[in-house]
Structures are given as C-alpha cells and as structure tokens.
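User: Please take me through this model, and set each value against the definition behind it.

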Amino acid sequence: MAIEVGSKAPDFELKDNHGATVTLSQFRGAKNVVLLFYPFAFTGVCTGELCALRDNLPKFSDRDTQLLAVSNDSIHTLRVFAEQEGFEYPLLSDFWPHGETSRAYGVFDEDKGCAVRGTFIIDKEGVVRWTVVNGLPDARDLNEYVKALDTL
C-alpha cells in the first residue's frame with residue numbers, strides 16, 4: 001500500500017544517471033519534489049511519460065519544484081536512456097538494494113520485480129501532499145501533477 005497524503009515522505013539515498021548521490025532531504029526547505037516511480041527504462045509507456053515530462057519541464061521548474069524519476073534499472077541503463085531521450089532531470093536508480101526505496105513508498109510489485117507507476121508530490125517540509133498510483137500499463141496525466149502543485 002502506497003504511503004498516504006499527509007505522511008512524512010521517507011528519505012532515500014539513490015544514485016542518479018551520472019553516479020551522483022541524490023537524497024530527498026537535500027531539497028527540504030528549498031524545493032517541492034515530484035517523485036515519480038516507473039517500471040523500466042526503454043519501455044513504451046515509461047518512455048512516453050518521461051518524454052512528456054521532458055517536454056513540459058518548465059511547468060515544474062517554474063513552480064519551484066524538482067522532478068525526480070525513479071526506476072529499478074542500473075545507473076548505466078539510466079545514463080544511456082537519459083542521453084538517448086535528452087532528459088535533463090535526474091533519473092534515480094533503485095537497483096540495489098533492489099527496490100528498497102520503491103518498497104518504502106509502497107509501490108514495489110514483488111511479482112514483477114519493479115515499481116508500479118506511483119507519483120508523490122512532496123512539499124518543502126517533506127510531507128506528501130498528493131499521490132497517484134497506476135498499474136503497470138496505465139500512463140499518468142502530468143497535468144494532474146501541475147494542478148496539485150498549484151495547491152501548495
């Protein structure tokens with residue numbers, strides 16, 4: 001079960017597609033965070049969702065928000081994926097310990113071995129203010145994220 005609105009967001013320490021360490025707590029007091037979990041790089045729905053975010057990045061940066069996308073892929077896979085698609089936001093690897101952060105947020109599918117499509121909007125104080133969780137085949141609507149950010 002995904003963590004609920006009003007809960008303190010679990011901190012994490014993950015490597016991004018360039019090997020740099022990223023934590024949720026580094027944004028505390030500075031930026032809101034859209035934390036987006038997706039199953040795997042290079043898959044159709046995931047690529048479509050992340051490209052839509054790429055094409056609409058100002059909708060997040062203009063709202064004092066950091067976009068962080070998390071999958072269970074290795075950092076090496078994420079590096080190639082980001083370069084191929086021109087992603088300018090961090091792709092974080094929840095590869096090892098496999099799915100630890102996905103599990104902390106309640107979006108890891110044990111049978112499939114990957115995260116489902118969970119999105120969490122976390123305010124500057126580290127509290128979850130909005131969430132949506134979709135199954136593996138169901139894309140999310142980024143306009144819903146923007147509407148939720150406007151309420152912060």
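Analyst: The model is a predicted one, in which local features need pLDDT of at least 70, side-chain atom pairs count only at pLDDT 80 or more, and totals for chains, interfaces and linings use all residues. Residues are numbered from 1 along each chain as its sequence is written, and side-chain values use heavy atoms, with hydrogens and water left out. Seven strands form an open sheet with mixed pairing, in the order E2-E1-E5-E4-E3-E8-E9; strands (E) are DSSP runs of at least two residues and helices (H or I) of at least four, numbered from the N terminus.

User: What makes E2 and E9 the edge strands?

Analyst: Two strands pair if DSSP finds at least two bridges between them, and E2 and E9 (128-134) each pair on one side only. E8 (residues 117-122) and E9 are joined in the antiparallel sense over six bridges, with Ile121 opposite Trp130 in E9.

User: How do you know that the span of helix H1 agrees with its number of residues?

Analyst: The expected span is 1.5 Å times one less than the number of residues; for the 12 residues of H1 (residues 44-55) this gives 16 Å, and the end C-alpha atoms are 16 Å apart, so the two agree.

User: Why is Asn17 called buried?

Analyst: Buried means under 20% relative accessible area, exposed over 50%, and partly exposed in between (1.4 Å probe, protein chains only); Asn17 has 4%, and therefore counts as buried. Asn17 lies in the loop between strand E1 (13-16) and strand E2 (21-23).

User: Why does Thr101 count as buried?

Analyst: Thr101, in helix H4 (residues 100-104), has 6% relative accessibility and therefore counts as buried.
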